[in-house]
Amino acid sequence: SLSLFLMAAAMLVMATASAYWILLLGTSLFGFALGAMGVVQNTLVTQSAPAQLRTRVLSGLHSMYGLASLSAPTLVAAWLIR
């Protein structure tokens with residue numbers, strides 16, 4: 001997918017940044033790719049789910065976003081504390 005390629009390119013830009021503005025460029029590119037991926041996921045779920053299950057499937061998708069937002073920093077903090 002184009003979003004994954006942009007994310008990889010953004011990570012490469014951030015990893016090799018020699019100036020602050022280049023780092024900002026990489027983070028902006030990464031944020032754009034992440035946003036595009038979210039739009040694509042929502043669009044695919046909306047188009048693929050049966051009409052009677054669409055709201056439940058979208059609720060599940062957004063619940064997973066919330067779970068990931070909660071668990072990622074918690075797991076990193078637990079890993080750093082050990």
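This is a predicted model: local features need pLDDT of at least 70, side-chain atom pairs count only at pLDDT 80 or more; totals for chains, interfaces and linings use all residues.
Residues are numbered from 1 along each chain as its sequence is written, and side-chain values use heavy atoms, with hydrogens and water left out.

**View 1. T46 and its surroundings.** T46 counts as partly exposed, because its relative accessibility is 32% (buried is under 20% relative accessible area, exposed over 50%, partly exposed in between, with a 1.4 Å probe and protein chains only). Its side chain reaches the backbone oxygen of N42 at 2.7 Å. Not counting residues up to four places away in sequence, T46 touches R54 and L58 (contact means heavy atoms within 4.5 Å). T46 and V57 are 11 residues apart in sequence, and their C-alphas are 8.4 Å apart in space.

**View 2. Helix 2 from end to end.** Helix 2 covers residues 20–48, 29 residues in all (helices are DSSP runs, H or I, of at least four residues, numbered from the N terminus). From first C-alpha to last it reaches 42 Å, close to the 42 Å expected at 1.5 Å a residue (the expected span is 1.5 Å times one less than the number of residues). G26, A33, G38 and V45 are buried in this helix. What covers the buried residues of helix 2 includes helix 1 and helix 3 (54–81).

**View 3. S3 in helix 1.** S3 lies in helix 1, which runs over residues 2–15. Why does S3 count as buried? Because its relative accessibility is 8%. Leaving aside neighbours within four places in sequence, S3 is in contact with A33, A36 and M37. One of these, A33, is also among the buried residues of helix 2.

**View 4. A greasy spot at L23.** Y20, L23 and L24 make a nonpolar surface patch of about 300 Å² (patch residues have over 30% relative accessible area and no salt bridge, and nonpolar side chains, meaning Val, Leu, Ile, Met, Phe, Trp and Tyr, are joined within 5 Å). L23 is found in helix 2 and is partly exposed, with a relative accessible area of 32%.

**View 5. I81 in helix 3.** I81 has its place in helix 3. With a relative accessible area of 71%, I81 is exposed. I81 and Q41 are 40 residues apart in sequence and 34 Å apart in space, C-alpha to C-alpha.

How values were computed. Helices (H or I, at least four residues) and strands (E, at least two) are DSSP runs, numbered from the N terminus. Patches are made of residues with over 30% relative accessible area and no salt bridge: like charges are joined within 9 Å, nonpolar side chains (Val, Leu, Ile, Met, Phe, Trp, Tyr) within 5 Å. Accessible areas come from the Shrake-Rupley method with a 1.4 Å probe; for residues, only the protein chains shown count as cover. A salt bridge is a side-chain nitrogen of Lys or Arg within 4 Å of a carboxyl oxygen of Asp or Glu. A polar contact is a pair of N or O atoms within 3.5 Å; within protein, one must be able to donate a hydrogen and the other to accept it, and residues adjacent in sequence count only if both atoms are side-chain atoms.
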